[in-house]
Amino acid sequence: MRILVIDDEMPTLKMFVLILNAMGHEVLTAESGEQGLEVLRAEQPPLVLTDIKMPGMDGIEVLQKIKEENQATEVIVITGHGDMDLAIKALNLDATDFINKPVRREALQGALARAEERIQLVQDKAAALSIFLREDAAVITVRGTLSTSSESALKDAFRHAARSRSNIVLDFAENTSINGAAISVLAECVRNARADGLRIAMSGLSANFRQVFDVMGITRQITAFASLDDVRF
């Protein structure tokens with residue numbers, strides 16, 4: 001896959017080139033937000049990695065410009081450790097994911113996998129939600145990308161699950177991505193279900209999105225498990 005990396009620090013750009021080339025990707029680079037947009041318009045890569053904090057046009061502005069010009073371009077933002085407010089702001093602007101500095105290879109691989117999943121889903125126009133019943137709970141399986149367009153399906157899934165069982169499990173398949181608007185809808189569904197007396201668990205959520213759920217208070221209302229097989233009520 002062709003990937004554009006935007007960062008004002010040359011050592012960071014060189015690091016990304018080495019890592020991404022080793023993963024088999026073709027890498028384009030830019031040392032500023034303005035230059036990054038020029039490269040994007042000329043080369044049209046499907047995925048952009050951009051640092052958040054840069055002089056001149058910062059990563060949030062870059063993200064906004066990219067989404068204005070081509071909503072289908074996936075964007076992963078690179079944040080400083082602990083910059084969760086900026087990460088959430090980026091997700092609300094439809095960033096695919098975020099990774100923290102210092103960048104860990106496994107975190108980068110996970111974010112890239114989620115971006116590739118979103119690109120494939122746009123091409124396939126595949127559904128992201130399904131429900132099945134097990135003895136102790138209704139399981140809502142989330143695959144691919146939850147976005148603004150998933151709001152109706154997500155609320156319907158919760159209503160159906162609530163009619164079937166008193167326990168609900170949100171099981172996130174590998175590489176699932178959730179944008180900011182969908183996280184807000186999910187939080188609303190969880191609050192409503194809890195108010196109706198239902199117990200809710202989740203499994204399989206990536207570490208990045210677990211951090212976002214923590215900040216938004218969702219995990220205070222949900223019991224988290226590593227995998228669906230581990231879920232107990």
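**Entry 1. Domains**

I began with the division of the chain: the protein falls into domain 1 (2-121) and domain 2 (128-225). I note at the outset that this is a predicted model. I then looked up the separation of the two parts and found their C-alpha centres 27 Å apart. To the contact, domain 1 contributes 16 residues and domain 2 contributes 18 residues.

**Entry 2. The area between the domains**

I next looked up the area buried between domain 1 and domain 2, which is about 1400 Å². Carbon and sulfur atoms give 59% of that area. I asked which residues of domain 1 lose the most area to domain 2. They are Met84, Leu91 and Arg114, and together these three account for 35% of what the domain 1 side buries.

**Entry 3. Polar and charged links across the contact**

I searched for salt bridges between domain 1 and domain 2, and the count is zero. I then turned to polar contacts between domain 1 and domain 2 and recorded five residue pairs, with both residues at pLDDT 80 or more.

**Entry 4. Elements on the domain 1 side**

I listed the elements that give two or more residues to the side of domain 1 that touches domain 2: helix H4 (84-92), strand S5 (97-100) and helix H5 (105-124). Which of the elements gives the most to this side? I found that H5 does, with six residues. By residue class, I recorded seven nonpolar, four polar and five charged residues on the side of domain 1 that touches domain 2.

Lys67 belongs to helix H3 (residues 59-69), while Asp94 sits in the loop between H4 and S5. The pair thus links distant parts of the chain, 27 residues apart.

**Entry 5. Backbone points in the loops**

I looked at the peptide bond from Lys101 to Pro102 and noted that it is cis, with omega near -5°. Pro102 lies in the loop between S5 and H5. I also looked up Gln44, which has a positive phi of about 55° although it is not a glycine. I located Gln44 in the loop between helix H2 (33-43) and strand S3 (47-51).

**Entry 6. A strand pair**

How many residues does the hairpin that joins S6 to S7 run through? I recorded two residues. I also looked up the bridge partner of Leu133 in S7, and this is Ala138.

Note on methods: Residues are numbered from 1 along each chain as its sequence is written. This is a predicted model: local features need pLDDT of at least 70, side-chain atom pairs count only at pLDDT 80 or more; totals for chains, interfaces and linings use all residues. Side-chain values use heavy atoms; hydrogens and water are left out. Domain bounds come from an automatic or database domain assignment. Contact means heavy atoms within 4.5 Å. Buried area is the accessible area (1.4 Å probe) that two parts lose on being put together, summed over both. A salt bridge is a side-chain nitrogen of Lys or Arg within 4 Å of a carboxyl oxygen of Asp or Glu. A polar contact is a pair of N or O atoms within 3.5 Å; within protein, one must be able to donate a hydrogen and the other to accept it, and residues adjacent in sequence count only if both atoms are side-chain atoms. Helices (H or I, at least four residues) and strands (E, at least two) are DSSP runs, numbered from the N terminus. Ala, Val, Leu, Ile, Met, Phe, Trp, Tyr, Cys and Pro count as nonpolar, Asp, Glu, Lys and Arg as charged, and the others, Gly among them, as polar. Two strands pair if DSSP finds at least two bridges between them.
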